[in-house]
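Please open the model in a viewer and display it as a cartoon.

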Amino acid sequence: MKHSIINYTWALLGLAFMAACADEQGSEPGNDNTAVATIYQLDAKDPLNPDNDMLLRVATNSKTDAVYYASIPKAEFETKMQQGGEEAIKDFVIASGTKVKDLSGGAVADVAVEGMTGEYKVAVVATGAGARTLKVFDFTGLSWSDMAKGTYTFALVSFGENKVKVIKDVVLQKCENREGLYRLNKVYNGKSNIKFTLLNAKQDDYQFVAVSTQATVLNGVYIRDLATKENNQAFATDPEKGCKLYKDNKVTLVLNYFTAKKDYGAVVETFVPNP
């Protein structure tokens with residue numbers, strides 16, 4: 001398992017409050033009589049892979065001497081809990097996990113836990129003032145199998161000096177541990193992906209799919225299907241406005257590109273499998 005750590009000064013903690021706080025339990029750094037690490041789960045963005053990587057921001061209080069973390073397969077975690085409770089987990093994390101370098105009282109660090117496939121527990125232990133506190137996060141890393149390799153044609157996005165809109169070697173993949181989830185991998189000129197989920201509505205040669213709001217590789221630019229944009233599920237199964245996965249693995253996506261300030265309207269983009 002690969003781990004990455006970025007340390008920050010305490011002054012940057014204000015930025016952390018912009019992220020969603022996970023498992024805070026009312027503890028605030030600097031105001032406790034025991035070691036506490038307040039942890040925020042952030043969006044895992046490039047170069048991290050949100051399908052298999054987790055990004056945590058760890059803020060310690062003045063009583064904290066050290067912070068350790070470990071990614072533990074769920075089954076192994078549950079066995080340790082049954083055998084020795086939380087103290088066994090703390091022992092394991094401190095002995096076998098990763099110590100966050102140069103992180104003690106009144107500091108902040110971003111911790112990337114990478115390469116998780118399947119169900120995991122990410123455990124974080126703060127030590128200091130003669131005590132140890134434990135916080136645990138659930139994570140399910142996605143596993144994918146290839147269905148077809150082909151070409152994706154963009155309507156708006158272009159890449160490189162030649163403004164290429166046709167991307168080769170894109171791979172249509174099916175998620176093995178989340179029912180109905182698919183993705184077009186490496187669709188943005190060899191980076192990132194577009195995910196979609198199967199809907200129950202079918203026609204003779206295709207099935208409708210949903211594209212939830214998701215980021216593109218362009219900073220601040222997002223995509224979504226028209227049903228999401230209009231908050232109207234009738235669009236999702238409309239033959240002209242809905243997104244489709246065909247029996248021959250062709251994909252047609254009717255998408256809305258948008259930013260916080262601008263809406264680019266509806267466009268049609270396609271994935272065509274190689275012969």
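Strands (E, at least two residues) and helices (H or I, at least four) are DSSP runs, numbered from the N terminus. The model is predicted, so local features need pLDDT of at least 70 and side-chain atom pairs count only at pLDDT 80 or more, whereas totals for chains, interfaces and linings use all residues. Residues are numbered from 1 along each chain as its sequence is written, and side-chain values use heavy atoms, with hydrogens and water left out.

**Confidence**

Colour the chain by pLDDT, the predictor's confidence in each residue from 0 to 100. The mean for the protein chain is 89, and 88% of its residues reach 70 or more. Where pLDDT is low, the predicted coordinates should not be read in detail.

**The largest pocket**

Select Ala44, Lys45, Pro50, Ser192 and Ala215, which lie nearest the centre of the largest pocket among its 42 lining residues. On a 1 Å grid over the protein atoms alone, a pocket is an open set of points where a 1.4 Å probe fits, with protein on both sides within 12 Å along at least five of seven lines; lining residues have an atom within 4 Å of a point. The volume is about 1200 Å³, taken as the space filled by probe spheres set on the points, which are joined across faces, edges and corners. Strands that each supply at least two lining residues include S2 (37-42), S3 (54-60) and S12 (193-202). Of these, S12 gives the most to the lining, with 4 residues.

**The four-stranded sheet**

Now select the open sheet of 4 strands, ordered S5-S4-S7-S8 with antiparallel pairing. Its edge strands, S5 (98-99) and S8, each pair on one side only; strands pair if DSSP finds at least two bridges between them. Helix H2 (residues 74-96) packs on this sheet and touches S4, S5, S7 (118-128) and S8, its direction making about 150° with that of S4. Axes are lines fitted to C-alpha atoms, for helices over the stretch in contact, and angles run from 0 to 180 degrees between N-to-C directions. Between S4 (residues 66-73) and S5 there are 2 bridges, and Tyr68 has Lys99 as its bridge partner in S5.

**S9, S10 and S11**

Finally, select S9 (residues 144-153) and S10 (residues 166-175), antiparallel strands joined by 8 bridges. Ser145 is partnered by Lys174 in S10. S10 also pairs with S11 in the antiparallel sense, over 4 bridges, and Leu172 stands opposite Leu184 in S11. In the hairpin of S10 and S11, with 5 residues between the strands, Gly180 takes a positive phi near 80°.

Definitions and conventions
Contact = heavy atoms within 4.5 Å.
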